[in-house]
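User: Could you walk me through the ligand site in this one? I'm new to this.

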Amino acid sequence: MLELDEIQRIFQAQRSHRRVMRHTTAAERVERLERLRAEILTRQGEIGRAIHEDLGRPADNRDELQTVMGNLDKVRDELADWMAPLPVEKSPATPAAERIFVKYEPRGVVLLFGTWDFPIGMFFSPLIQAVAAGNVVLAKTSSMAPATGAVIEQIVRAVFDEREVAVFKDNDVTTPDGVRSTNDVLLDLPIDHIFLTGSPRVGKIIVEKAAQHMASFTLELGGKSPAIVDRTIDLNLVAQAFLGGKIYNHGQTCLSVDYVWVPADLRDAFVETYVAAVKRAYYDETGEFQWQRDGRFVDKRNYERVKGYLDEAIARGAIVAFGGRTDADNLVIEPTVLLDVPRDTRIVQEEIFGPILPVLTYTDEEEIFTHSDSLGKPLGFSVYSRDDAFIERMLDNTTSGGVTINGHAVHWAEENLPFGGVNSSGYGRYHGVWGFRELSNARSVFHVAVD
Ligand code: NAD
């Protein structure tokens with residue numbers, strides 16, 4: 001149980017501290033972030049064990065740490081340039097200028113919500129950018145990854161003064177109006193900026209809450225990210241990319257390949273190639289799925305949600321071309337390939353977030369465009385083709401936050417590209433300089449020349 005007074009005390013302390021952080025130099029911010037790096041590295045064993053406990057990934061998996069180290073390197077190397085005033089060319093219509101520039105100043109108090117699918121990366125990546133931009137941060141870990149949340153709390157407390165970064169977990173908060181959740185209490189504070197990584201459902205709540213205080217916000221959401229396969233591509237390349245795209249983390253990634261379009265006459269060849277790759281990577285010689293290699297569902301609710309989608313699709317006539325076995329004790333569903341899935345089933349309509357791959361077929365590209373248009377705008381999109389004209393048609397007739405051509409989610413890993421969603425998949429961009437700017441106020445300054 002937490003007291004409302006305690007949250008309000010920390011918030012007020014952070015508000016008063018905004019000016020101190022605003023005046024920190026690039027070197028001072030980098031110094032804080034290098035302490036964060038050292039603390040994370042010291043605790044990498046603990047982090048691995050916590051992620052294993054929460055998600056079943058191998059305890060020696062360091063993928064999330066690598067992402068965070070990459071973010072820290074980028075900030076260390078480039079922050080001074082990002083912070084420098086950005087000179088702008090004067091247009092003919094305005095008076096003579098002494099100078100014109102954009103000055104990036106911190107937004108102030110940033111409220112950050114982490115998610116559970118990548119509990120380290122999706123917490124520290126935005127935190128690093130918020131600190132780099134000179135903000136103070138109130139952060140909330142996800143209760144669905146509690147072991148990792150506990151390690152995050154220790155790391156943050158060891159590195160930051162609570163006036164700079166304070167971390168909360170889901171809790172009951174006693175208030176004069178009764179018991180409320182930490183989320184609700186935090187969202188009622190007059191925060192300057194809210195940064196959410198999470199679902200479109202919570203994204204809508206954040207937008208309403210932000211409106212109370214006219215807070216700015218960044219929404220890193222999800223959606224149904226499709227992959228489009230053209231006949232000019234080697235199917236082995238596609239199948240290999242889909243292992244990371246569909247099975248890694250048991251399909252619980254925001255850029256997971258939600259479903260795939262293949263030319264109708266290549267469907268069986270595609271399924272055969274994909275299944276062969278899955279078996280090589282994830283099955284032992286007795287034909288058992290080795291889920292321990294990359295993780296399981298985070299909890300029973302998610303296992304049952306995805307199992308419900310699968311049961312419904314089968315009941316409605318979908319064909320299981322591979323997999324389909326479920327294991328409630330271990331919270332696992334076998335990598336599954338579904339064919340002939342009715343378009344109005346939940347597995348086609350909702351974000352799956354699990355290792356099931358519906359295979360849709362096309363004879364006319366128009367079917368792809370009409371279908372993806374009806375499902376909201378996705379976070380990611382991948383095209384597999386050697387034909388530049390095909391790729392251009394796909395880019396010109398669909399939309400998404402980002403695109404990778406001939407690979408899985410590489411656009412996310414490239415920090416020089418802005419990362420984010422569009423409409424239902426999110427609002428705002430981060431990574432590299434884009435994240436620094438997202439978490440800053442771009443203040444326009446026009447200094448008129450006087451004699
Ligand atoms: P979620 O929306 O349920 O929760 C996300 C965070 O919001 C949690 O910390 C949660 O406690 C907090 N939250 C704040 N206010 C809340 C409220 N009123 N009610 C409930 N939660 C509240 O998301 P999730 O299930 O943890 O994550 C899965 C979703 O996140 C998927 O849609 C996935 O695609 C998306 N995702 C997006 C990215 C990205 O970078 N765009 C990355 C990872 C996951």
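User: What classes of residue make up the shell around the ligand?

Analyst: The shell around the ligand has 13 nonpolar, eight polar and six charged residues, where Ala, Val, Leu, Ile, Met, Phe, Trp, Tyr, Cys and Pro count as nonpolar, Asp, Glu, Lys and Arg as charged, and the others, Gly among them, as polar. This is a predicted model, in which local features need pLDDT of at least 70, side-chain atom pairs count only at pLDDT 80 or more, and totals for chains, interfaces and linings use all residues. Residues are numbered from 1 along each chain as its sequence is written, and side-chain values use heavy atoms, with hydrogens and water left out.

User: Which side chains have a polar atom by a ligand oxygen atom?

Analyst: Among them are Lys140, with a polar side-chain atom 2.7 Å from an oxygen atom of the ligand, and Ser199, also with one at 2.7 Å.

User: And how much of the ligand does the protein bury?

Analyst: The protein buries 89% of the 850 Å² that the ligand exposes when taken alone, with areas from the Shrake-Rupley method and a 1.4 Å probe.

User: Why does the ligand lie between domain 1 and domain 2?

Analyst: Domain 1 (2-221 + 422-448) and domain 2 (226-413) both give residues to its shell, so the ligand lies between them; the bounds come from an automatic or database domain assignment.

User: Which helix gives the most to the shell?

Analyst: That is H8, with four residues; helices are DSSP runs (H or I, at least four residues), numbered from the N terminus.

Notes: Polar contact = N/O pair within 3.5 Å; in protein donor to acceptor, adjacent residues only side chain to side chain. Helix = DSSP H or I, 4+ residues; strand = E, 2+ residues; numbered from the N terminus.
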